[in-house]
Every structure is written in C-alpha cells, then in structure tokens.
Amino acid sequence: MISFARRHLVPYLPPILKDFILALFRAYYNMSDCVFCKIVNNDAKATILYRDEQVTAFRDLHPAAPTHILIVPNKHIESVNHLQPEDEALVGHLFTVAGQLAVQEGIAQNGYRLITNTGTDGGQTVFHLHMHLLGGGRMTHITK
Ligand code: 5GP
Ligand code: ZN
C-alpha cells in the first residue's frame with residue numbers, strides 16, 4: 001500500500017502534503033501490526049491491570065521478575081525517539097500509574113525497577129513505547 005501511494009499519489013502532491021500522507025500510511029500500518037495496539041484495543045488477550053484514556057497496563061507474557069507489568073500509552077508511539085513535546089504529560093502519567101501499580105502489587109515499600117528499552121541496541125523488541133515495572137525480589141543485575 002505504501003509503495004502504491006508512493007508511485008501513484010505522491011508524485012503529484014506538494015512536498016508538505018506528501019510527507020503528511022506518507023506519515024499517515026506508516027502510522028496505520030505500524031498500528032495494525034502492533035501487538036500492544038491490539039492489546040489496547042482488545043484485539044489481543046492480556047491480563048489487563050489498569051486502563052484509562054491515556055494508558056493501559058498489563059502483565060508481561062514472559063515475566064522476568066515475580067511482578068512484571070508493562071505500562072503503555074494507548075496511542076501508538078514507536079519509542080522514546082518518537083516522543084514529541086506534547087507527549088510530556090503522557091510520559092509523566094506513565095510514571096504515576098507505575099507508582100500506583102507498585103502499591104497495588106505490594107512492592108512499593110521494598111522497591112522496584114522501571115525500564116524503558118529504546119531501539120535495537122537498547123533491547124527493544126516491541127516497537128510501541130512501554131515501561132517495564134519489575135519487582136518482588138532484589139535486582140542484582142540488568143533485568144530486561
Ligand atoms: P522490550 O523487549 O521491547 O523492552 O519488551 C517487550 C516485552 O513485551 C517483553 O518483556 C515481552 O515478554 C513482552 N511481550 C511481547 N509480546 C507480548 C504479548 O503478546 N503480550 C504480553 N502481555 N507481553 C508481550
Ligand atoms: Zn502500537
């Protein structure tokens with residue numbers, strides 16, 4: 001579809017419209033292929049622990065600690081590299097929800113780890129921004 005648009009539509013458009021339309025196509029195809037978007041939209045199963053208009057939190061499918069929760073924005077943002085200034089409140093909200101979930105899971109007092117992997121070298125495997133909340137035991141090495 002992207003190549004169809006590039007061949008048949010894009011050559012006739014002014015550059016600013018061209019970039020906008022290609023960005024829309026890319027966003028649509030990333031989202032329809034994204035497992036976390038599917039979980040947010042109830043198109044894939046997960047153990048959902050929290051949901052509001054901005055974020056969704058669910059248990060990691062392959063837990064790396066006794067408590068391992070993922071907190072994701074409901075809108076598809078690929079990674080920290082793709083954050084915009086207007087996403088600052090959303091990023092703050094991810095931390096607030098992480099703190100609330102830590103209390104709910106009974107790990108707040110002993111402590112926990114929040115991790116956001118970014119890009120391939122950062123160990124990111126799902127390209128929808130997310131925060132790992134890990135706890136329930138002492139972290140002695142880099143986990144996740
Ligand atoms: P990353 O490696 O990108 O930082 O973290 C991705 C995390 O998503 C991994 O810990 C992985 O276990 C988890 N994950 C991948 N696919 C699914 C899924 O379909 N459902 C859930 N609940 N977690 C997933
Ligand atoms: Zn997504």
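Student: Two strands count as paired if DSSP finds at least two bridges between them. With that settled, which residue in β3 is the bridge partner of A57?

Tutor: A57 has I71 as its bridge partner in β3. Keep in mind that this is a predicted model.

Student: And what stands opposite T56 in β3?

Tutor: V72 stands opposite T56. Both belong to the pairing of β2 with β3, which is antiparallel and has five bridges.

Student: Back up a bit. What does the secondary structure of the chain come to?

Tutor: The chain has four helices and five strands. Going along the sequence, they come in the pattern α-α-α-β-β-β-α-β-β.

Student: What's the strand order in the sheet?

Tutor: The order is β1-β2-β3-β5-β4, in an open sheet with antiparallel pairing. β1 and β4, the latter spanning 112–115, are the edge strands, each pairing on one side only. From one strand to the next, the twist averages 15 degrees.

Student: How many bridges join β1 to β2?

Tutor: Three, and the two strands run antiparallel. One facing pair there is I48 with F58, the latter in β2. A hairpin of three residues makes the link from β1 to β2.

Student: And how many bridges are there between β3 and β5?

Tutor: Five, again antiparallel. For one example, I69 has L133 in β5 as its bridge partner.

Student: How many of the residues of β3 are buried?

Tutor: Six of the seven residues of β3 are buried, so the strand is largely enclosed by the rest of the structure. The cut-off for buried is 20 or more other C-beta atoms within 10 Å of the residue's own. β2 is mostly covered too, with four of its five residues buried. Across the chain, which has 144 residues, buried ones make up 20%.

Student: Core next. Which residues of the largest nonpolar core touch the most other members?

Tutor: A57, I71, V72 and L133, out of 22 residues in that core. The elements that each supply at least two of the core residues are α3 (35–40), β2 (55–59), β3 (67–73), α4 (88–104) and β5 (131–135).

Student: I71 keeps coming up. What does I71 touch, leaving out residues up to four places away in sequence?

Tutor: I71 touches V55, A57, L94, V97, A98, H130, M131 and L133.

Student: For the chain overall, what share of contacts between residues at least 6 apart in sequence joins residues at least 24 apart?

Tutor: The share is 56%.

Student: Different topic: the ligand. How many residues surround ligand 1?

Tutor: There are 13, and the closest are L61, H62, N117, T125 and V126.

Student: Now the loops. Where does N41 lie?

Tutor: N41 is in the loop that runs between α3 and β1, the strand at 48–51.

Student: Is N41 buried or exposed?

Tutor: Exposed, because it has 12 other C-beta atoms within 10 Å, and exposed residues are those with 12 or fewer. The C-alpha atom of N41 is 9.9 Å from that of T56, a residue 15 places away along the chain.

Student: Last one: where is G99 found?

Tutor: G99 is in helix α4. With 14 C-beta neighbours inside 10 Å, it counts as partly exposed.

How values were computed:
Residues are numbered from 1 along each chain as its sequence is written. Chains are lettered from A and ligands numbered from 1 in the order in which they are written. This is a predicted model: local features need pLDDT of at least 70, side-chain atom pairs count only at pLDDT 80 or more; totals for chains, interfaces and linings use all residues. A nonpolar core is a set of buried Ala, Val, Leu, Ile, Met, Phe, Trp, Tyr and Cys residues joined through C-beta atoms within 7 Å. Two residues are in contact if their C-beta atoms, placed from the backbone, lie within 7 Å. A residue is near a molecule or strand if its C-beta atom, placed from the backbone, lies within 6 Å of it. Axes are lines fitted to C-alpha atoms, for helices over the stretch in contact, and angles run from 0 to 180 degrees between N-to-C directions.
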